[in-house]
Amino acid sequence: MSNKSFFLYIILLFSTNSYAHLDDHLIKAGFLEKFALFTEWPPESKFKDCSKPFIISVLGQDPIINDLEKIYKHYRINNKDVKIRTISKINEIEDSDILYLTESIKDNIPEIIKYTENLPIITVCDTENCAEIGCHIGFYITDKGTVHFKINVSKMKQAGLKMNVLVLDIAKIIK
Amino acid sequence: MFSKKSSIRKKLINIIILSCAFVIVFGISIITIGYIRYIKQDIINRTIMETKLIGEYCVTPLSFDYPERAKEVLEKLRFWPDIIAGIVFDNKGKIFAEYKIDGANTKILIDRNNKNIGTYHLFEDDKLHVCSNIFYKNMQYGSIYIILNTKITEKIDKFLVLISLLMFFLLILAYLVANNMQKFISKPILKLTNIAEEIYKKTKGDVEISYDDNDEISKLNMAFNLMVASLETREIEINMIIETANAPIFAIDRDGTIVKWNKKAEDITGYSKDEVIGKKSTMDIIEPDSYLLYNNIVDKAFSGNSDSNIEIFFITKSRNKIDILLNISPRKDIEGNIIGAIIMGQDITDRRRFQEELEHERESLAQRVQDRTNKLMTANAELSRAARLKDEFLANMSHELRTPLSSILGMTEVLNEQIYGQLNEKQLSFLKTIEDSGRHLLSLINDILDISKIEAGKLKVQISPVFIPSICEISLRFIKQIAAKKRIKVQSKLMNIEKTIGADEIRLKQILVNLLSNAVKFTQEGGNVGLEVYEDNENSVTQFTVWDTGIGIAKEDISKLFQPFIQLDTSLSRKYEGAGLGLALVSRLAKIQGGDVKVESTLGQGSKFTVSIPWNNLDDNKNNNPKEIIDEDTDDPLFSNKETGILILIVDDVKENLNTFSYYLKAKGYSIITAQSGTGGIKMAISEHPDLILMDIQMPEMDGLEAISRIRSYNELKSIPIIAITALAMPGDDKRCLDAGANMYISKPVKLKQLVIKISELLNRA
């Protein structure tokens with residue numbers, strides 16, 4: 001529980017400081033945990049297998065890695081250790097639970113989407129309009145300057161993932 | 001509610017309503033309490049659910065730090081009526097999002113730091129505060145706080161009003177049902193009641209009711225039927241009694257209508273039941289004059305008072321007037337209300353008539369009694385006149401008898417004096433016989449006179465001091481001579497009595513002489529006679545006992561001894577002279593002095609007469625001078641043949657008397673003139689002026705009394721002494737003589753010696 005409190009502390013800390021642009025990475029990193037929380041993986045996936053760690057793969061180079069590592073070093077998702085790994089090749093995607101597509105691989109996104117289209121991996125992208133092009137969740141900055149996200153419901157469904165309606169309620173839905 | 005007065009119907013209704021009310025109130029109260037709890041819980045549950053739901057919607061805004069969204073969620077609360085506020089707190093307890101209606105008070109009452117899963121609620125007034133922590137997958141993201149104006153009081157109030165209305169309607173329903181249901185019980189009872197009332201109202205007919213159920217009411221019914229039967233019997237009996245009563249009985253109700261009219265009333269008035277019952281016929285039947293009285297007593301009865309013996313006149317159908325004595329009592333129903341009056345009469349017409357007849361009879365009886373009384377009074381007057389006549393007759397008789405006797409004795413005395421020449425032995429002896437017989441006759445006459453006086457109550461006792469030895473001596477002297485003749489030894493035993501008692505001396509002497517004479521008379525020659533005196537100090541009487549050794553008296557004759565004119569043995573009267581008056585006189589004389597006479601006697605052996613004379617009080621008779629006892633044997637000291645020169649006028653209608661007095665007085669030396677009538681006497685007195693007048697009282701034409709008063713009317717004759725000589729010898733004679741003017745009074749037969757003494761007394765006095 002102490003981990004949880006800590007985590008929450010971090011979240012709240014971030015949320016209060018959401019206006020700070022530098023902290024956007026931290027917020028996004030926190031959001032990943034929430035997406036995992038509100039998403040239902042298909043039963044045959046390894047999500048419920050506690051022996052395997054929860055894997056967040058970051059494709060490309062982005063400062064979020066630091067933040068992710070910082071947060072999940074001591075924290076778990078779904079009672080599982082969280083493993084952060086940075087990948088560069090598409091075939092390394094497997095075994096991931098969340099695939100974070102950084103800005104740096106912006107051009108490869110359609111290909112990657114295509115690759116992961118039917119895999120129970122939540123694809124989160126930081127690039128503009130990435131949700132529209134087939135990414136499951138795409139971050140964007142609101143008019144107020146806060147971090148928000150879009151969810152491509154049909155793609156998620158295609159991947160056998162089910163996002164909690166509560167999240168859908170707050171997210172911008174792409175069909 | 002269950003007062004004794006309310007009807008059973010009411011009671012039943014009340015019971016049912018009360019039961020229903022109890023059940024309704026109890027049931028509805030439970031329902032109400034349950035319902036209130038239920039709606040309260042329901043509000044709570046719903047609110048908690050809603051709160052949780054809203055909280056769920058806030059999970060992601062909280063998670064993703066998206067208060068705008070939370071706000072959007074909370075904005076939806078506006079569609080929830082009665083909401084006051086909805087607040088979402090983050091995990092730090094800061095307000096994350098908030099919604100509240102304008103001006104709402106959003107005071108937080110529940111501690112939000114409770115980290116437990118679950119919800120908390122509390123009511124403040126009508127406001128429900130619900131706090132629910134927002135969890136997602138065992139992780140708390142914050143909490144939501146809802147304040148709701150439940151308006152539960154209002155709702156409960158509305159509910160209570162509804163429930164009250166419901167209760168009211170239920171009670172009305174209960175009443176309607178009860179009203180219907182009670183009939184099952186009250187109807188038979190009412191029926192019973194009605195029948196009872198019917199019976200009570202004396203309605204005829206068979207009033208029995210049937211009620212087939214086998215419950216208490218049917219039992220009551222059975223009992224009631226029995227009661228009806230008994231009531232009917234009693235009613236019949238009472239009716240029979242009333243009907244056959246030998247007195248007119250009728251009853252009226254409060255407006256005066258006749259409701260009962262018995263046979264006797266029919267008989268007396270002639271009005272049949274059909275003619276009067278149900279009508280106010282008393283107006284016709286009661287006499288107009290009595291009607292006011294009748295109304296009064298009826299009013300009195302209506303106010304509860306009985307009245308009796310009121311006399312009222314009835315007019316019969318045949319217009320006869322009859323006299324009725326009424327008794328009236330109020331008629332009451334079972335509750336004691338006066339419903340009329342019952343009137344019982346008594347026909348007293350006959351009684352009144354008898355009374356009048358009786359009154360008449362009484363009056364005539366009184367008249368008869370008066371007549372009889374008058375007759376009796378007449379008879380009485382006649383009787384008293386006869387008695388007076390008898391007295392007068394006796395007085396006359398004694399006068400008539402004494403007058404010739406006076407002559408006989410006077411002449412005998414004169415002859416015995418031998419004034420007119422010597423008499424030989426034989427002549428003297430004849431004279432002696434004449435004198436004895438004359439004196440005996442005189443004593444008889446005196447006795448008769450005495451007895452008649454006593455019988456007439458005219459003999460008065462004159463009490464004076466009597467010296468007992470002296471009176472005994474004198475009495476004994478009377479019989480000495482005769483006793484000596486019969487060689488009877490006279491013994492006197494005076495027991496040394498030297499006493500003077502109060503008694504009538506003359507009468508006492510008379511008693512003793514009578515008894516002694518009898519003793520001597522009825523004692524054989526050579527017998528003994530005695531007088532004994534005994535003083536009984538204890539009883540204050542002196543007893544004089546005269547005894548003899550004579551022939552005695554038989555026991556059965558003793559009672560006859562003291563009756564006048566009875567001599568015990570008729571043969572005796574031949575042998576012993578006497579009229580049989582002696583003992584009768586003795587007895588009467590003793591009695592008038594308060595004493596009595598007792599007799600002890602043995603036939604052939606002698607008799608003993610005891611006279612008791614009480615000692616009378618002398619003080620009462622102080623003025624009575626002791627009677628002068630004249631010793632008849634005393635020689636006349638004045639007797640001489642010397643001329644006195646004194647002229648005496650003798651007035652007497654009887655020539656013999658005139659002669660006797662004349663001869664004797666002339667012999668005594670007086671000059672005598674005579675007159676044979678009152679008138680003659682007066683003339684003589686005027687012409688001769690005598691020194692003394694002897695006036696006979698009873699004379700024809702003018703009697704002595706008138707003559708005396710005439711003489712006294714002459715002044716020159718007023719001082720002449722007058723001696724009245726009369727044979728009347730009745731009480732009052734002396735007074736009449738003295739009143740008329742006589743100086744002295746001498747009754748016949750006159751003892752000449754005594755007359756001479758009186759004359760000389762008067763002349764000396766003059």
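Is N309(B) buried or exposed? N309(B) is exposed, with 9 other C-beta atoms within 10 Å. A residue counts as exposed at 12 or fewer such neighbours, as buried at 20 or more, and as partly exposed in between, with C-beta atoms placed from the backbone.

## The model

This is a predicted model: local features need pLDDT of at least 70, side-chain atom pairs count only at pLDDT 80 or more, and totals for chains, interfaces and linings use all residues. Residues are numbered from 1 along each chain as its sequence is written, while chains are lettered from A and ligands numbered from 1 in the order in which they are written.

## Two chains

Chain A has 175 residues, and 42% of them count as buried. Six helices and ten strands make up its secondary structure. Helices (H or I, at least four residues) and strands (E, at least two) are DSSP runs, numbered from the N terminus. Take the contacts in chain A between residues at least 6 apart in sequence: 58% join residues at least 24 apart. Two residues are in contact if their C-beta atoms, placed from the backbone, lie within 7 Å.

Chain B has 766 residues, of which 31% are buried. It holds 22 helices and 22 strands. Among its contacts with a separation of 6 or more, 62% come from residues 24 or more positions apart.

## Where the chains meet

In the interface, 15 residues of chain B are in contact with 13 residues of chain A. On the chain B side, helix 1 (8-57) and helix 2 (59-63) are the elements that give two or more residues. Helix 2 of chain B gives the most, with four residues. The chain B side divides into six nonpolar, three polar and six charged residues. Here Ala, Val, Leu, Ile, Met, Phe, Trp, Tyr, Cys and Pro count as nonpolar, Asp, Glu, Lys and Arg as charged, and the others, Gly among them, as polar.

Helix 1 of chain B has 50 residues. From its first C-alpha to its last it reaches 71 Å, close to the 74 Å expected at 1.5 Å a residue. That expected span is 1.5 Å times one less than the number of residues. Buried residues in this helix include I13(B), I24(B), I43(B) and Y57(B).

## Nonpolar cores

The largest nonpolar core has 77 residues, and Y100(A) and C58(B) touch the most other members. Such a core is a set of buried Ala, Val, Leu, Ile, Met, Phe, Trp, Tyr and Cys residues joined through C-beta atoms within 7 Å. Helix 2 (residues 24-38) of chain A gives the most to this core, with seven residues. Apart from this core lies another, of 40 residues, including A503(B) and W615(B).

## Two positive phi values

N309(B) lies in strand 8 (residues 307-315) of chain B. Its phi is near 55°, a positive value in a residue other than glycine. D82(B) also is not glycine, and its phi is positive, near 75°. D82(B) sits in the loop between helix 3 (67-75) and strand 1 (83-90) of chain B. It has 15 C-beta neighbours inside 10 Å, so it counts as partly exposed.

## Confidence

Chain A averages a pLDDT of 81, and 87% of the residues score at least 70. pLDDT is the predictor's confidence in each residue, from 0 to 100.

Over residues 12-21 of chain A, pLDDT stays under 50. Where pLDDT is low, the predicted coordinates should not be read in detail.
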